[in-house]
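Reader: I would like a close look at a single part of this model, with the cut-offs behind each term. Please describe that part first and then place it in its surroundings.

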Amino acid sequence: MSTATVSDKLKSLAKDLTKDFPRSPRETLGGYVIAGRTLDKCRSTLAGINGEYHFNCALDKIFFEFAGISAEDFQNFVATGATDEEVGAWITQHGKTRERIELVKWNNQWRYTTIRELPDGIQLYLEDYIPQVIPKGRVIYHFFDVYDIEEKRL
Amino acid sequence: MLTHVISEKLKDLAPDLTQVPPRSPRETLAGYIIAPRILDKCRAELTGTLGEYWFNKFMDRLFFDFTGIDAQAFQAFVATGATDEEVAEWIGQQAQPRETVEIVKWNNQLRYATLQDLPEDIQLFLDGFVVKLPTHRPVYHVFDIFDLDEGRL
């Protein structure tokens, strides 16, 4: 459970995810794919308007683990009402120090991950989930397509 | 040689593949991709409306090999005029028992297979075919070939 205090600034930044979608996992923040989406869900969770979205879900954990950032620390900083730019700078300061090429390669690995490369449990889950949320005839090429098609960006 | 008695029910169910394409290989039946397409082609072969399609070759063999189902037994059951639901139930009974995750992983292996993943002889065969496809989008995965050729993509 979050113990972060929610600022008015945070409330003004938080997307109402009962009516809107978080950003695509393809968008970057602080140089990392997924992070922009993670931030949207974090703000909305703090503001109590996350709807069916979960902060620190399996996807978010992929980002936190690679960046070497704790979800709780991230949430506490976001709760101050930090802007996207401030969160991006915070991620750079607190994330694991890496060569830029490592980060770019990690981004590309996730951009081009297909469902067959995911852990068994996620493949099993998606086999039932995709027919429920993806219009018939649409083809999922990469894992991120599931989010972008479901949320009507593709 | 075709020895099955063709039921009226089968005639109603069989697509005329000289006029319409079979279902996409991406569709599933009994949890298996390819299976609805095979079913369409099987029904059409039984009723003589297969056109330029083949039953029990290439991709169909992948399904029969994976499930351990005999193609002739499949065809004999389809010839009774079984509906999609009945064929799905029959596949469930006849297929080699597997954990669901094994079937899902097999589905995903094929869904995301690219031309470079295929045996050389099939790559050679498809090389001539792919250049004749509509050019509004590339072939990313093997299944795109069917979906492009048949107007679904």
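**Helix α3 of chain B**

In chain B, helix α3 (residues 59-67) has three buried residues, B:D60, B:F63 and B:T67. The arc that they cover around the axis is only 60°, which puts them on the same side of α3(B). The arc is that of the directions from the helix axis to the C-beta atoms. An α-helix has 3.6 residues a turn, so residues three or four places apart point the same way.

The model is predicted: local features need pLDDT of at least 70 and side-chain atom pairs count only at pLDDT 80 or more, while totals for chains, interfaces and linings use all residues. Residues are numbered from 1 along each chain as its sequence is written, and chains are lettered from A and ligands numbered from 1 in the order in which they are written.

"Buried" stands for 20 or more other C-beta atoms within 10 Å of the residue's own, "exposed" for 12 or fewer, and "partly exposed" for values in between, with C-beta atoms placed from the backbone. Helices (H or I, at least four residues) and strands (E, at least two) are DSSP runs numbered from the N terminus.

The exposed residues B:R61 and B:D65 sit on the face of α3(B) turned away from its buried side. A contact requires C-beta atoms, placed from the backbone, within 7 Å.

Positive phi values occur at both ends of this helix. B:F58 is exposed because 9 other C-beta atoms are within 10 Å. Just after α3(B) comes B:G68, with a positive phi of about 75°.

The phi of B:I34 is positive, near 75°, and the residue is not a glycine. With 25 other C-beta atoms within 10 Å, B:I34 is buried. Most residues other than glycine have a negative phi.

Chain B as a whole has 8 helices and 2 strands, in the order α-β-β-α-α-α-α-α-α-α along the sequence. Its C-alpha atoms fill a box of roughly 40 × 40 × 25 Å along the principal axes. Of the 153 residues in chain B, 31% are buried. Taking contacts in chain B between residues at least 6 apart in sequence, 67% join residues at least 24 apart.

Chain A also comes to 8 helices and 2 strands, and from the N terminus on its elements run α-β-β-α-α-α-α-α-α-α. The box for the C-alpha atoms of chain A is roughly 45 × 40 × 25 Å, again along the principal axes. Here 27% of the 154 residues count as buried. Of the contacts in chain A between residues at least 6 apart in sequence, 67% are between residues at least 24 apart.

One loop residue of chain A is A:K96, between α5 (84-94) and α6. A:K96 is exposed, having 11 other C-beta atoms within 10 Å. Leaving out residues up to four places away in sequence, A:K96 touches A:A67 and A:G68. The C-alpha atoms of A:K96 and A:A67 are 5.5 Å apart, although 29 residues separate the two in sequence.

The contact between the chains takes 10 residues from chain A and 13 residues from chain B. Part of it involves α7(A) and helix α6 (residues 100-111) of chain B, whose axes come within 9 Å and cross at roughly 80°. That makes α7(A) roughly perpendicular to α6(B). Axes are lines fitted to C-alpha atoms, for helices over the stretch in contact, with angles from 0 to 180 degrees between N-to-C directions; under 35 degrees is roughly parallel, over 145 roughly antiparallel, 65 to 115 roughly perpendicular and the rest oblique. From α7(A) the contact draws on A:D120, A:Q123, A:L124 and A:E127, and from α6(B) on B:T100, B:V101, B:V104, B:K105, B:N107 and B:N108.

A:R116 lies in the loop between α6 (100-111) and α7 (120-133) of chain A. With 17 other C-beta atoms within 10 Å, A:R116 is partly exposed. Not counting residues up to four places away in sequence, A:R116 touches B:N108, B:Q109, B:R111 and B:Y112. Within its own chain, A:R116 is 35 residues from A:E151 in sequence, and their C-alpha atoms are separated by 22 Å.

Note on methods: Two residues are in contact if their C-beta atoms, placed from the backbone, lie within 7 Å.
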